[in-house]
Amino acid sequence: MTQKIFAKANRLFSLADKLVKTHQVQIILALHEYFRNLYLEDPFVKKNKLTKKTTTPFNKINITLDNCIRYLETVKNFGYYPEKTKTKKHILTKKLFGVLWKDRLKDNKINSSKILDEFYKNNKSHLIFIKNKKVLDMGCGSGRFSFALAKKGAKKVIGVDLGDDGLKVAKKYKKLKGIKNVEFRKSSVLKLPFKNSSFDYVFCKGVLHHTGNLKKGLNEFNRVLKKGGKGFIYLYGSGGLYWYSRKKMRGIMKKIEFNLSKNILDFINIPSRRTIFLDSWYVEIEDHVSKISLEKWFEKKNFLFKKIKTNKNTHLESYEKFKHFKLLYGNGELRYLIEKL
Ligand SMILES: C[S@@+](CC[C@H](N)C(=O)[O-])C[C@H]1O[C@@H](n2cnc3c(N)ncnc32)[C@H](O)[C@@H]1O
């Protein structure tokens with residue numbers, strides 16, 4: 001019974017793929033609906049009858065799949081206008097995130113202090129440690145966590161990223177708010193422009209799985225962190241319907257122009273903070289790591305490590321209590337606090 005959920009998801013993906021040249025708007029809406037229902041709770045969308053009724057992730061996904069398949073089965077009979085351009089413009093990862101950060105800046109959502117508080121809720125020692133320390137935000141994007149870390153009392157935070165647009169947003173926000181203890185530099189996280197042991201604290205959220213060389217990124221993380229230093233790392237886990245679906249959706253969405261998807265999501269009033277759809281549909285590289293292999297790496301590097309458990313309803317680990325967690329989410333998301341011995 002449970003394995004049938006993969007077969008059902010595959011039906012949705014193959015139907016979407018068949019319609020990708022003719023019914024793009026409907027595919028964007030269907031996959032948006034499916035994606036948001038991979039989460040048990042959606043804090044942004046008003047509840048309808050279906051979401052009120054469903055109490056487990058498995059049921060919610062199962063019912064949503066039926067609905068989305070029915071929807072695409074219906075729209076495939078709708079007429080359509082032929083595409084005006086045949087060539088799809090490819091969007092680069094650093095450009096993709098740049099567009100998303102700009103929207104956040106417009107809405108003044110460039111400080112992620114609340115999310116940071118969630119990470120450290122049960123780990124206050126990290127917050128105390130950060131005070132007066134030199135911190136690296138590895139792959140800082142818009143600097144939203146660099147600013148949050150600076151606010152926690154770091155002596156200096158250096159945010160590093162390859163994306164010009166993200167760095168532009170970060171510098172603009174820094175100037176706007178008159179923040180002194182943050183600095184931004186353009187560089188690859190795979191070859192950081194810092195000497196060994198340069199930082200007391202290294203923060204790296206959601207970056208290394210987009211670089212194409214996760215191992216090298218992890219080694220850079222270790223290289224620039226001092227002995228006795230601490231850090232935070234977030235990587236995508238592996239296995240399960242959730243990660244499988246992201247991969248399949250990426251394959252389909254890449255056949256649809258980025259701007260069309262962005263316009264449609266904007267048109268339905270998506271909040272600028274909700275970058276997850278465009279992010280995972282259009283990112284060039286999304287790698288995955290198993291919990292076991294990451295923890296083995298920590299051990300090899302002599303790191304003490306602790307997996308963060310949050311109750312935030314958009315964090316996959318908050319569903320661990322449900323039946324079929326592994327089938328649906330595999331290793332989930334891997335958020336760790338580490339200490340280098
Ligand atoms: C999902 S975003 C995360 C940004 C930020 N850590 C946050 O949580 O808001 C991924 C970031 O990784 C950056 N990135 C990808 N590959 C990189 C590389 N090789 N060197 C530096 N930054 C990179 C992208 O430009 C993007 O800003």
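Predicted model: local features only at pLDDT ≥ 70, side-chain atom pairs only at ≥ 80, totals over all residues.
View 1. Buried means under 20% relative accessible area, exposed over 50%, and partly exposed in between, with a 1.4 Å probe and protein chains only. S142 is found in the loop between β1 (134-138) and α8 (144-151); helices (H or I, at least four residues) and strands (E, at least two) are DSSP runs, numbered from the N terminus. Not counting residues up to four places away in sequence, S142 touches W101, I110, F147, G166, V169 and A170, where contact means heavy atoms within 4.5 Å. Residues are numbered from 1 along each chain as its sequence is written, and side-chain values use heavy atoms, with hydrogens and water left out.

**View 2. S113 in helix α6 (residues 113-120).** S113 is buried, with a relative accessible area of 13%. Residues up to four places away in sequence aside, S113 touches A148, K151 and K152.

**View 3. The largest nonpolar core, with 83 residues.** A nonpolar core is a set of buried Ala, Val, Leu, Ile, Met, Phe, Trp, Tyr and Cys residues joined through side-chain atoms within 4.5 Å. Y34, Y120 and W281 touch the most other members. At least three residues of this core come from each of domain 1 (4-87 + 240-282) and domain 2 (95-238 + 288-340); the domain bounds come from an automatic or database domain assignment. Leaving aside neighbours within four places in sequence, Y120 is in contact with H126, L127, I130, L149, Y201, F203, F232 and L337. A second, separate core of 27 residues includes I158, V160, L192 and L294.

**View 4. The packing of helix α1 (residues 4-18) and helix α11 (residues 240-253).** The two helices pack at an angle of about 10°, with their axes 10 Å apart. Axes are lines fitted to C-alpha atoms, for helices over the stretch in contact, and angles run from 0 to 180 degrees between N-to-C directions. The angle makes α1 roughly parallel to α11, a description used for angles under 35 degrees. Among the residues making the contact are F6 and F13 of α1 and Y244 and M249 of α11.

**View 5. The contact between domain 1 and domain 2.** The centres of the two domains, taken over C-alpha atoms, are separated by 28 Å. Each domain gives 26 residues to the contact.

Conventions. Parallel < 35°, antiparallel > 145°, perpendicular 65-115°, else oblique.
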